Amino acid sequence: MESDEVMHQLDTLQEKVEHLIEKCQALQRNNTDLQAKVQQLESELDQKTEAENQFLRQKTQIRSRIDDLLAKLNNAAETPSPEE
């Protein structure tokens, strides 16, 4: 009888170990998937950050050119024409 109880306990322990192994494997797969997702999102973030930086550089260039054109217009308006 004692042997049957020990065997039953060993079977129960084996089931628990197998369940834990399956759970660990599932968690490892999930972790791998999440790491891949993090890499993908970091890459997308880098691309968007670069696009934003490029936009800001273009905006600065446009603002500078507009300021230069406005200054030229102001100078032209303040300069008396030769006919005056």
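Start by selecting Arg63 and Asp67: they form a salt bridge (a side-chain nitrogen of Lys or Arg within 4 Å of a carboxyl oxygen of Asp or Glu), with the closest N and O atoms 3.9 Å apart. Both residues sit in helix H1, 4 residues apart, about one turn of the helix. Asp67 is partly exposed, at 40% relative accessibility; that class lies between buried, under 20% relative accessible area, and exposed, over 50% (1.4 Å probe, protein chains only).

Before moving on, note that this is a predicted model, where local features need pLDDT of at least 70, side-chain atom pairs count only at pLDDT 80 or more, and totals for chains, interfaces and linings use all residues. Residues are numbered from 1 along each chain as its sequence is written, and side-chain values use heavy atoms, leaving out hydrogens and water.

Next, select Glu50 and Arg57, whose side chains meet in a salt bridge at 3.1 Å, N to O. Glu50 is partly exposed at 41%, and so is Arg57 at 45%. The whole structure holds 2 salt bridges.

Now zoom out and colour by secondary structure: the chain has 1 helix and 0 strands (DSSP runs, H or I of at least four residues for helices, E of at least two for strands, numbered from the N terminus). The C-alpha atoms fill a box of roughly 125 × 10 × 5 Å along the principal axes. How many of the 84 residues count as buried, in percent? The value is 0%.

Last stop: pick Leu13, which lies in helix H1, residues 2-78.
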